[in-house]
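Hi,

Here is the structure I promised to pass on. Have a look at it first, and my notes follow below.

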Amino acid sequence: MDSASAEVAFECGCFVLYGDGRVERTSGMDTVPDGFDADTGVTSKDVVVDAATGVAARLYLPAIQTAAPLASEPDGGGATTKLPVLVIFHGGFFVVGSPGCPDFHRYVNSLVAAARVVAVSVDYRLAPEHPLPAAYDDSWAALSWAASGADPWLSDHGDLGRVFVAGASAGANIAHNVAVAAVARAVHAVAPALARIEGVILLHPSFCGEQKLEGEAEEFWRPNKRRWAVIFPGARDGSDDPRINPLAAGEPGLAKLAGKRLFVSTASEDPRAPRGRAYCEAVRASGWPGKVEWFESKGEGHAFFVSDHGSHEAVALMDRVVAFVAGH
């Protein structure tokens with residue numbers, strides 16, 4: 001093995017990524033099964049979205065509330081209110097994680113119960129074995145599948161006219177990109193319904209760029225750029241590919257984001273926060289006609305709301321997300 005192939009491109013607490021595309025995962029791949037969650041009353045089940053590629057999803061359904069029957073109803077049955085559909089993408093640097101990750105599964109259970117949504121948590125293929133854009137392609141396929149009401153939980157209980165896309169960290173990067181793709185494909189009549197996505201939720205989004213932003217830590221930006229180079233070797237213009245850097249010069253995607261509303265959260269101690277803040281400012285300046293909300297958690301680090309479930313700041317962020325879905 002030569003020295004170049006043995007060079008560490010990026011490492012964190014759960015994996016080591018080498019310059020030649022090898023990866024050693026040490027954590028982040030544990031899973032818990034689907035089923036009923038007694039703490040929240042939410043039920044989940046795993047489904048296959050595309051057998052050819054292996055794309056799957058974990059669906060979540062809150063306890064269904066049935067309205068009192070009307071006297072005029074001959075069968076005495078009550079009506080059930082259709083719920084918003086939330087398509088959500090997990091984080092993990094595009095390298096680790098899944099819907100079954102214990103902390104993320106717990107987070108989605110809590111979100112589904114609090115926001116009263118039918119959720120689709122997407123199990124996309126991971127890099128570097130499946131370099132980007134595989135995760136983007138898988139996530140688009142899952143969003144299209146969900147929006148079509150392909151599963152009875154979606155067709156019977158989901159309001160397919162109220163679709164939200166959301167993600168945490170790398171998953172927020174995906175959520176941004178599928179929201180851009182929804183409008184682009186609608187223009188070409190490939191997926192017109194998806195241009196009517198109601199809202200986009202980006203929780204601690206992961207972006208990068210060839211140039212370091214003001215306030216962005218050098219010791220984070222440089223290795224992060226190397227990570228993107230390994231997991232997305234076909235990126236245009238390096239880390240200024242618009243899928244990696246939506247702030248890149250000449251990138252039109254921000255003005256063409258799907259949805260009527262956008263919610264972006266950052267954390268004050270997260271090195272990704274400068275790009276999250278800049279993203280919000282750029283969307284506002286782009287002429288995008290929707291409403292932009294930004295919320296920053298103080299004294300917290302990256303994706304704390306997943307691992308530090310139930311903390312004061314995590315509850316505050318959850319409340320903001322729930323209010324956003326409700327339209328408040």
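Let me start with Ser169, which counts as buried at 9% relative accessibility. Please keep in mind that this is a predicted model. Ser169 sits in the loop between strand 9 (158-168) and helix 5 (170-187), and its phi is positive, near 60°, although the residue is not a glycine.

Phe93 is another non-glycine residue with a positive phi, here about 65°. You will find Phe93 in the loop between strand 7 (83-89) and helix 2 (102-115). With a relative accessible area of 18%, Phe93 is buried, because the cut-off for that class is under 20%.

Next, the cis peptide bonds. One joins Ala127 and Pro128, with omega at about 5°. Another joins Leu132 and Pro133, where omega is about 20°. Pro128 lies in the loop between strand 8 (118-123) and helix 3 (134-147), and Pro133 belongs to the loop between strand 8 and helix 3 as well.

Three strands make up an open, antiparallel sheet in the order 1-2-3. Strand 1 (8-11) and strand 3 (23-25) are the edges, each pairing on one side only. On average, neighbouring strands are turned by 15° against each other, direction ignored. Helix 6 (residues 218-231) packs on this sheet and touches strand 1 and strand 2, its direction making about 110° with that of strand 1. Between strand 2 (residues 15-18) and strand 3 there are three bridges; Val16 has Glu24 in strand 3 as its bridge partner.

Best wishes

Technical notes
Residues numbered from 1 in each chain as written. Predicted model: local features only at pLDDT ≥ 70, side-chain atom pairs only at ≥ 80, totals over all residues. Heavy atoms only, no water. Pairing = 2+ DSSP bridges. Helix = DSSP H or I, 4+ residues; strand = E, 2+ residues; numbered from the N terminus. Axes fitted to C-alpha atoms, helices over the stretch in contact; angles between N-to-C directions. Contact = heavy atoms within 4.5 Å. Buried < 20%, exposed > 50% of the residue type's maximum accessible area, 1.4 Å probe, protein only.
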